[in-house]
Amino acid sequence: MSVLFEKTRIGTMKLKNRIVMGPMSTTGESDGAYSMEAIRYFTERAKGGCGLIITGANLVTTEYEPRSSTELSNYHHAERLNMLVERCHHYGARVCVQLSPGLGRQQFIDPLTSPYSAGSCSAFWFPSLTCKPIPTWDIGSLVRKIGYAASLARMAGADAIELLASGGYLLDQFQTSLWNTRSDEYGGGLRNRMRFTLECIEAIRESAGPGFPILVKFAPCHGFEGGRTLEEGLEMARILEEAEVNALHVDVGCHEAWYRSISTVYQEDGHQLPITQAVKNVVNLPVFGQGKLFDPALAQDAVATGKLDYVVLAHQMLADPEWANKVREGRFSEIAPCIGCNECLLSGFSGKHLRCAVNPLCYTEEEYALPAPSSTKRSVLVIGGGPGGMSAAIAAAKRGFSVELWEKSDRLGGNLWAAGLPGFKKDVFRLISYMQHQIERLDIAVSLSKEAKAEDVIAGNYDKVILAAGSKPVIPRIPGSEYASFAADYLLGRKKPGARVVVIGGGLVGCETALFMSETAEEVTIVEMLGDILAIADHCLNNDQALRAMLTDRGIRIVPGVWVTDITKDGVICEKGGETLALACDTVIFAAGYRANNELEQSLDGKVKDLCVIGDAEAPRKIMNAIHEGYHAIRIME
């Protein structure tokens, strides 16, 4: 991995390696300053070995839209930023402060007020609102505020500035003809549409001083009809090089194709590399690239073969802040993998602090740390070897407790196996391997093929019992159900589909099962009683977009708003709008949800010292719920 750990320089900024923590929004104080939680969060990533940390976007004013994250608009914001920078410097990491003039049509906080944008386009999150074009004199005001924010960043000790001109945010709206319909000097041809961006670059240079490194994050390709094409994007790269910026940070996509920009579990590793390399081929600047580069071998190859100069990892740094150190030391199996669930992104858009499904310590590095191992030995029994059970067992071992893990089946992983075995869900499969390795490394006593019986649990006299027995699939009450099988039977390879498949249930499991079946079946249909598939799926928009795009690409038929009345050996009978619909098939698959597997709870309640029910055994939910509940059940033990 020598190439990744080369020492380099960007302008006046010296970097100890080519590993970059990508920008992600963080919650701030009520006045927009960085919170102490955010400072500790960034410090932990610096400690983990990153060469460069790029902060999330700092809004330079709230005059045109409400604040969505941190702000850098007045002298007092510099104090907390200085604390962040100084603590990261202690570990040899450099800090690049990202600045943004605003979200524009992407603002998601105020559903009642039309946001400002380049032109009279619709607001993304609230399509009924028509954006107000920013007046020319207000563009000048924003440029000056960008310059002032840059001076504050440098005063706070920052090592570089990154201008956010991608993602469909305000600068990108000006750069894109789809949203920029202006007829003044900021509209029309590409150079005019880039005028706002170029003026911001010049304002940064004037305020931060000559030689201070300036990076620009831009999207040379949007990846949806009507958006920017790569041909225009490469011309943008040349124009930015002419503006004498010090490096280009390549992004792909925007909110209309968000999954191309912020990766999901469904994207291939390195999916942005072709665009990144295309940019690198036309400029003589350092190029930053991203897009699921968390496999150390892939990251190394991307640099070694000249596809990019710096590897940007964002969500992977949430899952494991020590990625860089672990790669440098060859501890690949100890890297906690990002699973592409985007719970981190969803939390921010739901008004919560930053969270990570596989790392309960994300953004709570100090507050949720495990207590130091106690000299008093405590005994813990964990029933169930799924993600929640493994999480609890790992935390218990780290606290120095005596821990046993009983698993009814012949392997650990629980429902993660069904979720992770399809090739397009390999990120989840990585999680199984990681957690199994942790169990082995901590020498946890595991009993496989051991069914927990109440009398055995009670006889063990454990200080704490964690019930993490997971969930079971729901059997719909439909005549002829004997002709159908559960999704897990096919996801786990216990059964093979025929040529024509009908999946009953258009939730997350049903859609993913249909995709998996389409790899071998000739025809796959999803039937859903609600008005649309994924109607109650609690996941982020980019995951939803990616999944729907895959269903379309693979030609999977979707029949919403139907009620299944009968299943026969020849097909499925449904009712839709008062009419009967017959769907011929040779394979019927149930994907109608799960119910908690908590039968032991009543038998153990009041008969063991401390009983805690977690994960799907409490209620079927998400991987994040299971892992976090398992961790915290042990963390709070006294």
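**Aromatic contacts, selected residues and cavities in the predicted model**

Beyond its neighbours within four places in sequence, Trp-406 is in contact with Leu-381, Val-382, Ile-383, Gly-384, Gly-385, Ser-447, Lys-450, Ala-452, Asp-456, Val-457 and Tyr-462. The model is predicted. Trp-406 belongs to strand 16, which spans residues 402–406. Its relative accessibility is 5%, under the 20% limit, so Trp-406 counts as buried. One of the contacts of Trp-406 involves a charge over the ring: Lys-450 lies over the face of Trp-406, at 4.4 Å from the ring centre. The side chain of Trp-406 also makes a polar contact of 3.2 Å with the side chain of Glu-404. Ala-445 is 39 residues away from Trp-406 in sequence, yet the C-alpha atoms of the two are 8.6 Å apart in space.

Lys-132 lies over the face of Tyr-116, at 4.5 Å from the ring centre.

Ring pairs were examined next. A pair of aromatic rings is described by the distance of the centres and the angle of the planes. The model contains 16 aromatic pairs. In one of them, the ring centres of Phe-108 and Phe-349 are 4.4 Å apart. The planes of Phe-108 and Phe-349 meet at 40°, between the limits of 30 and 60 degrees, so this pair is tilted. The pair links distant parts of the chain, 241 residues apart. Phe-108 is in the loop between strand 7 (94–100) and strand 8 (116–117). Phe-349 is in helix 13 (residues 343–349). Both residues are partly exposed: Phe-108 has a relative accessible area of 24%, and Phe-349 has a relative accessibility of 28%.

Phe-349 also pairs with Trp-125. Their ring centres are 5.3 Å apart and their planes are at 40°, so this pair is tilted as well. Trp-125 lies in the loop between strand 8 and strand 9 (132–133), whereas Phe-349 lies in helix 13, so the pair ties together parts 224 residues apart in sequence. Trp-125 is partly exposed, at 26% relative accessible area.

Gln-107 is found in the loop between strand 7 and strand 8. Its relative accessible area is 3%, so Gln-107 is buried. A polar atom of the Gln-107 side chain lies 3.1 Å from the backbone nitrogen of Ile-109. Leaving aside neighbours within four places in sequence, the contacts of Gln-107 are Pro-66, Thr-113, Pro-115, Trp-125 and Phe-126.

Glu-523 lies in strand 22 (residues 523–528). With 39% relative accessibility, Glu-523 counts as partly exposed. Cys-50 is 473 residues from Glu-523 in sequence, and the C-alpha atoms of the two are 47 Å apart.

Rolling a probe the size of a water molecule over the atoms shows where empty space is left. The structure holds 3 cavities of 30 Å³ or more. The largest cavity has a volume of about 80 Å³. Its lining includes the cysteines Cys-338, Cys-341, Cys-344 and Cys-356. His-315, Ala-319, Ile-339, Gly-340, Asn-342, Arg-355, Ala-357 and Val-358 also line the largest cavity.

Terms used. Residues numbered from 1 in each chain as written. Predicted model: local features only at pLDDT ≥ 70, side-chain atom pairs only at ≥ 80, totals over all residues. Heavy atoms only, no water. Phe/Tyr/Trp six-rings, centres within 6.5 Å; stacked < 30°, edge-to-face > 60°. Helix = DSSP H or I, 4+ residues; strand = E, 2+ residues; numbered from the N terminus. Buried < 20%, exposed > 50% of the residue type's maximum accessible area, 1.4 Å probe, protein only. Lys NZ or Arg CZ within 6 Å of the ring centre and 35° of its normal. Polar contact = N/O pair within 3.5 Å; in protein donor to acceptor, adjacent residues only side chain to side chain. Contact = heavy atoms within 4.5 Å. 1 Å grid on protein atoms, 1.4 Å probe; cavity = no way out; pocket = protein on both sides within 12 Å on 5 of 7 lines; lining within 4 Å. Points joined across faces, edges and corners; volume = space filled by probe spheres on them.
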